[in-house]
Amino acid sequence: MVAGISLVATLGAAGLTAAPTASAAPQAAPAPGPLVRAISAPVADAPDVDVTKVQAHLTELNAIASRNGGTRKSSGQGYRDSVAYVKNKLQAAGYTVTEQPCTSGCATGAGPNLIAEWPQGDTAKVYMFGSHLDSVAAGPGINDNGSGSAALLETALTLAEHHPAMAARVRFGWWTDEEQGLNGSDFYVNSLSSAERTRIKAYYNFDMIASTNGGYFINHLTSAAAQPMKAYWDSLGLQPEENTEGAGRSDDYSFEQAGIPTSGYAMGASARKTAAQAAKWGGTANRAYDSCYHQSCDTTSNINSTGLNRSVDGIASTLWKLAVTDSTPANDFSLSASPAGGTVDPGTSATTTIATATTSGSAQTVQLSASGAPAGVTVSFSPGSVTSGNSSTMTVATAAGTAPGSYPLTVTGTGSVTHTATYTLTVRGTGSCSGQQLLTNGGFETGTSPWTGDTGAIGSHAGQSAHSGSRFAWLGGYGYSATDSIAQTVTVPAGCAKATLTYWLHIDTDETDRVAYDTFKVKAGSTTLTTLSNTDAASGYVQRTLDLTPYIGQRIALTFTATEDSGLQTSFVLDDAALQVN
């Protein structure tokens, strides 16, 4: 939550009921208006969101801060590593994820906003859930606002896991530079066209939802937007109150200024709990809701797990009520690729017919896209969108240097619902092998891409040093039960005689027993190639070599994983990885 701002929100769009100001007297809750979707058939209850998984995200955000000077401020590597961590989780779950650079109005060097949309539901109705991902410079920001960010991440992953039928679109936003004045969310809202703003039916903000001495506060408590959130907390007997402390001080204000209805949960910052609130909710009267607000002590020890659990389940309940349906979509279509695969030589192309059919209701416009293409392969559609019942020609073109192998491509058709089909591209080998190094950014000097997983481990961290350059991957080193894992997918070309993986690894440990408490594993796909442990600790880097010749002609994920037990720390510091073929 940004400090030192006290603003009164004004809704500027005609036809919208103004939200109450911070000082407004309580009003009777209005009857839900068109904002809240009318449900013609019962919708399944939202699933319980596992708060231990939310806390695991908080542990990772805290570790990212620890590796980056104790902060995740918007202009630092800690923020960029936080973005990478959240992004990788969402992409793996099937979200459409976009990094939006803040090109005006943000602090110098501020990292990007992160936007993720679940690709199902009516595109004309969007419900948006957001939180700021940055911290102040003074601390890691685990309640402010790792709590909101982690809760939204696990809610998004829960939605993907359950994959319900969607009546509306759900979009998540993690904002940069909030602590400097709501700058990231301001930039996002200002980048929207009038039509795009109209499609957002409500925005829900979550800022400090695990305060240790907290209360239960809702933004614009009596508004139509707030009713699904209030209903959930009412069902727990919490008797929530208006969030007067947070009025105009977090990212919902950027949306309010644009005339978009808003609400959200909060548990309080530096304001003090009253005696009446302590009697109602427990805790200590005349003490700040969060005594570590904007301080270095805002760590994982500064989290109210009960409040966090109630908040994240309320977020899921609201999302399910607004955007999920149990009914079959009125308008639906099918999608298929014929043929479902093709074999080409490098430098040539293949085509397939992407066919659609209306399976229920009326025909609809279907936008076509493809993902999963390797380096040197491009995919195009003619036409790029069709009316269901019609077809498009997909052309898959390979470059002369495209590595031989088999590549599954995912074709996506997006209308009021989303469907996918698989096309398998096989690139023939030439029978000869050009010696080359296949891993990209094996020395970690150019950021985190294309590595996936716990990429917050990648950086220039105090306490360890690189084998060469200035950056490396520090896996483990926590001193408590934790797992770090990074991976990169490569194709080992056919026609080669040998493939060799090399990497430099420094292992240091506080363990004294000759027992393998903490481990480091290298995998190719699901096969473990080697396991090292704290018993292999040495004073400097040691180069390790693994034979990957059995994987020639295959596309594999190379994964490096460190796992610590609950005892003493072991750090596995990885640098200068290379996969050489000849």
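Buried means under 20% relative accessible area, exposed over 50%, and partly exposed in between, with a 1.4 Å probe and protein chains only. In soluble globular proteins, nonpolar side chains tend to be buried together.

The model is a predicted one: local features need pLDDT of at least 70 and side-chain atom pairs count only at pLDDT 80 or more, while totals for chains, interfaces and linings use all residues. Residues are numbered from 1 along each chain as its sequence is written, and side-chain values use heavy atoms, with hydrogens and water left out.

I picked F172 for its contacts, where contact means heavy atoms within 4.5 Å. Neighbours within four places in sequence aside, F172 is in contact with Y95, L114, I115, A116, M128, F129, L152, A156 and L319.

**Helix α3 against α9**

I took helices and strands as DSSP runs numbered from the N terminus (helices H or I, at least four residues; strands E, at least two). At what angle do the axes of α3 and α9 cross? Helix α3 (residues 142-162) and helix α9 (residues 305-323) cross at roughly 45 degrees, and their axes come within 10 Å. That makes α3 oblique to α9. For the labels, angles under 35 degrees count as roughly parallel, over 145 as roughly antiparallel, 65 to 115 as roughly perpendicular and the rest as oblique. Axes are lines fitted to C-alpha atoms, for helices over the stretch in contact, and angles run from 0 to 180 degrees between N-to-C directions.

The crossing of α3 and α9 is right-handed, which is the term when the near helix is turned clockwise from the far one by less than a right angle, left-handed being anticlockwise. On the α3 side the contact is made by S147, A151, L152, T155, T158, L159 and H162, and on the α9 side by L308, V312, I315, A316, L319 and W320. The residues of this contact divide into nine nonpolar, four polar and no charged. Ala, Val, Leu, Ile, Met, Phe, Trp, Tyr, Cys and Pro count as nonpolar, Asp, Glu, Lys and Arg as charged, and the others, Gly among them, as polar.

Helix α1 (residues 51-67) packs with α2 at an angle of about 150 degrees, the axes being 9 Å apart. That makes α1 roughly antiparallel to α2. I noted a right-handed crossing for α1 and α2. Residues A56, H57, E60, L61 and I64 of α1 make the contact with G78, D81, S82 and Y85 of α2. By class, the contact of α1 with α2 has four nonpolar, three polar and two charged residues.

Is S82 buried or exposed? S82 is buried, with a relative accessible area of 0%. S82 sits in helix α2 (residues 77-93) and touches L61, I64, R72 and L133, not counting residues up to four places away in sequence.

**Helix α6**

In helix α6 (residues 227-235) I found Q227, P228, M229, Y232 and W233 buried. The cover over these buried residues includes β5 (200-206), β6 (217-218), β8 (262-266) and α9. After α6 comes G237, with a positive phi near 70 degrees.

**H419**

H419 is in strand β17 (residues 418-427) and counts as partly exposed at 25% relative accessibility. H419 and F333 are 86 residues apart in sequence, yet 8.0 Å apart in space, C-alpha to C-alpha. Neighbours within four places in sequence aside, H419 is in contact with D332, F333, L335, V411, T412 and G413.

**Backbone exceptions**

Most residues other than glycine have a negative phi, and most peptide bonds are trans. I logged a cis peptide bond from S382 to P383, omega near 0 degrees; P383 is in the loop between β13 (377-382) and β14 (385-387). The peptide bond from S449 to P450 is cis, with omega near 0 degrees, and P450 is in the loop between β18 (436-437) and β19 (452-453).

N286 has a positive phi near 60 degrees without being a glycine. N286 lies in the loop between α8 (275-281) and α9 and is exposed, with a relative accessible area of 57%. H294 is not a glycine and has a positive phi of about 60 degrees; H294 lies in the loop between α8 and α9.
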